[in-house]
Amino acid sequence: MSPSLKRTLVPLCKTVCFLAIVISLLAFLSKVLMVKDEMFQRQDNYARLPKNSVDLLILGSSHSGDGISPDILNESLGLTSFNQSINGLRAEYAPYRLEAALTTQSPKLVVLDTYLFESYWNEEDKVASWALDSQPLNLAKIKTIQAFAPADKLPYYVPLVKYHSRYRELTQADFDFLLNPSAYAVQGVGTHEIRDGYLDQLDDYFDQDLSLDEEVLPLSEGQKASMDQVVALAKQHGAQLLFVTVPYKEQMGMNSVENHRISNYLRQLYEGDPAVQVLDMNEHWAEIEFGYADLRNEGHMNPGGREKTSLFLADYIWGNYDFVE
């Protein structure tokens, strides 16, 4: 190596090493200071999984987070599943979440919760935080930040900017993810405190038969484009896609009848595509024996409801996919 080249390379290598150390330190401090909510727990556990060990990946909002139990699916189907759902996931974010998830896993089936088409809630900063804060910095995250994060994007690249003052609130629980990864449910099951049943408004809502309703509610152009991206991504990675609506009554201005009509639209949109199926469990309330006693509020399930819907989903997958032995 010539002296001149050496004089150029040595400072460059030192600079690169310094930047790598700084970036690693920022990432570590951000992780320590972030709130250890369900989104953090699921992302941290997902990152610890052996590569290509997931057969069934669940993506969606808190509806699928509360309503689908990977443990029940695993026991029923003999598969390895993981629930990567986060609060408030929007349709536009879904391709990026899936892209990030597929960097380390190659599932045979992706289950996508259809409540992500809800568009009434407008707290964009909170939606962005739930989707981005706990996600490692990668190309998919950078794309998401550039596309959807509010004007001040720095806190999404470096969460330490947002959480730096939280050092006064740190407890042992904030370090458990380092010392005891098993402190969290490995498969990503929801952990909300919930009541046995939501019985405040007993009426005949769940006596309807939505399977008789053939009306459709089209997606916006942006939502449709996002779903086309999701379908293309799944196929590119050799996965099939199952749109799933878990049972509920109403949340954030969208009720289960409207959600059902979106399911009807999705059936029309992807009719004839063997890699895409649609299961709306709101069409099967009577078969599932689902009602108010299975909810913790009008939009989310309690453990009894989660068990019923997870078993119903397992039966559907067993009967409709040949990768299940």
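A: Start with accessibility: buried means under 20% relative accessible area, exposed means over 50%, and partly exposed is in between, with a 1.4 Å probe and protein chains only. The model is predicted, so local features need pLDDT of at least 70 and side-chain atom pairs count only at pLDDT 80 or more, while totals for chains, interfaces and linings use all residues. Residues are numbered from 1 along each chain as its sequence is written, and side-chain values use heavy atoms, with hydrogens and water left out.

Q: Why is R261 called partly exposed?
A: Its relative accessibility is 23%, which lies between the limits of 20% and 50%, so R261 counts as partly exposed.

Q: What makes R261 and E215 a salt bridge?
A: A salt bridge is a side-chain nitrogen of Lys or Arg within 4 Å of a carboxyl oxygen of Asp or Glu. The closest N and O atoms of R261 and E215 are 3.6 Å apart, so the pair qualifies. This pair links distant parts of the chain: R261 is in helix α12 (residues 256–269) and E215 in the loop between α10 (176–179) and α11 (221–236), 46 residues apart. E215 has a relative accessible area of 45% and is therefore partly exposed.

Q: How do you know that K235 and D273 tie together separate parts of the sequence?
A: Their side chains meet in a salt bridge at 2.6 Å, N to O. K235 lies in helix α11 and D273 in the loop between α12 and β7 (276–280), so the bridge joins parts that are 38 residues apart in sequence.

Q: Are K235 and D273 buried or partly exposed?
A: K235 has 41% relative accessibility and counts as partly exposed. D273 has 18%, which is under 20%, so D273 counts as buried.

Q: Why is R166 called buried?
A: R166 has 13% relative accessibility, under the 20% limit, and therefore counts as buried. The side chain of R166 meets that of E169 in a salt bridge (3.8 Å, N to O).

Q: How many salt bridges does the whole structure hold, and which residues are linked in a network?
A: A search of the whole structure finds 14 salt bridges. D203, K249 and E298 are linked in a network of them.

Q: What makes I23 exposed, and where is it found?
A: I23 has 55% relative accessibility, which is over 50%, so I23 counts as exposed. I23 is found in helix α1 (residues 3–33); helices are DSSP runs (H or I, at least four residues) and strands likewise (E, at least two), numbered from the N terminus. The chain comes to 14 helices and seven strands.

Q: How do you know that the length of α14 agrees with its residue count?
A: The expected span of a helix is 1.5 Å times one less than its number of residues. For the 18 residues of α14 (residues 303–320) that gives 26 Å, and the end C-alpha atoms are 26 Å apart, so the two agree. Buried residues in α14 include G305, F312, L313 and I317.

Q: Why is S119 called exposed?
A: Its relative accessible area is 53%, over the 50% limit, so S119 is exposed. S119 lies in the loop between β3 (109–113) and α6 (124–132). S119 and R90 are 29 residues apart in sequence and 7.8 Å apart in space, C-alpha to C-alpha.

Q: What percentage of the chain counts as buried?
A: Of its 325 residues, 52% count as buried.
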